[in-house]
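Subject: Structure handover

Hello,

Here is the structure you will be taking over. Please open it first; my notes on what was found follow below.

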Amino acid sequence: MSLTPRQKRRFTQIRPLDQIEVALVRAAGERQGWLPPAALNTLRYALSLARLDIVPQADGDLSVGESLDEYRTRVVEALEPLVLETAGVIEHHEITRLVPFLRGWAERARAQVLRDFEGRLSVDAFEKEIREKSLVVVAGGGGGSGYVYAGAFMLLEDIGLTPRMMVGTSIGSLLGLFRAKKERLDLGPITELARQLSWRSVFLLPAVKNRYGVPAALRLYLRKTIAHLFQHPTEPRALRMNELEIPFRVVVAGLTGAGLNHDMEYYEHLMDDVVQQDRVSWSAIRGTAGKVVEALGELVSASTVMKEIVLGGDELTGQFDVVDAVGFSTAVPGLIHYDILREDQHMHTLMDRLFQRHGVMRLVDGGIVNNVPSRVAWQHVQRGDIRTRNTFILAFDCFAPQLTRNVLMHPIQRLVRPQVNANAAYAGFTKTFVQVLSPLDVVPDFKKIQVAMRNGYRELEHERRFLQAMLAPLTALSP
């Protein structure tokens, strides 16, 4: 989903403002006494006011951005050379000298907006949109490497940061679903799943037809494993995307078929030499995973074959069964097949409409088209999905190449880096986890999952003070 012309203009306007704020908060946190708290608050208030475009009110959204155009330009021109063009060394004397000027500009711009929209603009709503920043979390793909996210979610909970929106792809969608179910993090279901995970409980040889997914060596029985954790409280069905307490968006890849190098049968039999053995094991799969890596590489490289589709953000896909959404996002072509073969007229109708809307013939792993979908999060925030546009997007990446680890996956990791790097521009901060399980360790034992969770918590803890500072409410400009 590419940016609309308005979104492109908006991104160009506010990107330097976001970068300046992050750099100032970083510098203040790293150097004790570098800038008095009141001065930093004034600078951040001025930046937040400059970003302001839409004010969500009880009776609807009100656009005030045009009244701030001149002020916004002035703020960027004053701060960008001192903050973003200094090779990382921000001179606090120059910044301090500017604080009174920024304060005066902000006071006058604020007064002008209140005059322009007198009688239509709630002052309380106006101030809230300036001073309160909400957290949006993006969880990227990477197979078994993604179990670190559970530990990262624990850290955020421990420091009192609750996401207002979750966006996930592949394994990030699976872990993200557990986080999105309730506003308060409940580790019980994650622990239960971790204790019950086994190769035989999650995967079986397909021996079934395929309808919506790409056939593969193994069939993912996700419903059998987690559906009982996501049941509707009063109806005999699974929760739907629009029924989770935290808004949730899942990225999948739609296969158009145009220019595809292989037919469906190729993917179904890609690993026959493994699955036809008397006993299938992950060690055997690792030994022949090169075929899957090659097939994935072809799909990642063929932009005309794949189309990014976001589930959960509109009337149609908001009705999707949450397990089905995650199942398709985690279905790796050639290796893991997910499909809807049960009698479920609700989902069959939705799938048919989705395929017709996007002109696709199959759904597969979302990481192929967008492995750390920060742009998706930014777009859905800007269009008003959670009302506020004042957000901090925190992205998690578990699939970065490491010279001495996961060598088999390096070709795919390198192929997805350009789109991961492009998405980083839409995040306030992208945390790249290093101490991760192998991407192929998608069904680790309980001890490994515990290690992954501890690693995720410990690695994100290095950013504790920064995250708390970025998301702490600002105070009003004092008289």
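Helix α1 gives seven residues to the lining of the second largest cavity, the largest share of any element. Bear in mind throughout that this is a predicted model.

The volume of this second largest cavity is about 310 Å³. Its lining is made up of 28 residues, and those closest to the cavity centre are I14, D18, R51, R389 and T391. Besides α1 (5-30), the elements that give two or more residues to the lining are α2 (37-51), α5 (123-131), α17 (374-382) and β11 (391-397). Sorted by class, 14 of the lining residues are nonpolar, nine are charged and five are polar. In total, the count is four cavities of 30 Å³ or more.

One of the elements in that lining, α5, also packs against another helix. Two packed helices are described by the angle between their axes and the distance between the axes. For α5 and α4 (residues 92-116), the axes come within 12 Å and cross at roughly 140°. The crossing of α4 past α5 is right-handed.

Which residues meet where α4 and α5 are in contact? On the α4 side they are R110, V113 and L114, and on the α5 side V123, F126 and E127. By class, this contact has four nonpolar and two charged residues, with no polar ones.

Regards

Terms used: Residues numbered from 1 in each chain as written. Predicted model: local features only at pLDDT ≥ 70, side-chain atom pairs only at ≥ 80, totals over all residues. Heavy atoms only, no water. 1 Å grid on protein atoms, 1.4 Å probe; cavity = no way out; pocket = protein on both sides within 12 Å on 5 of 7 lines; lining within 4 Å. Points joined across faces, edges and corners; volume = space filled by probe spheres on them. Helix = DSSP H or I, 4+ residues; strand = E, 2+ residues; numbered from the N terminus. Nonpolar A, V, L, I, M, F, W, Y, C, P; charged D, E, K, R; others polar. Axes fitted to C-alpha atoms, helices over the stretch in contact; angles between N-to-C directions. Left-handed = near helix turned anticlockwise from the far one by under 90°. Contact = heavy atoms within 4.5 Å.
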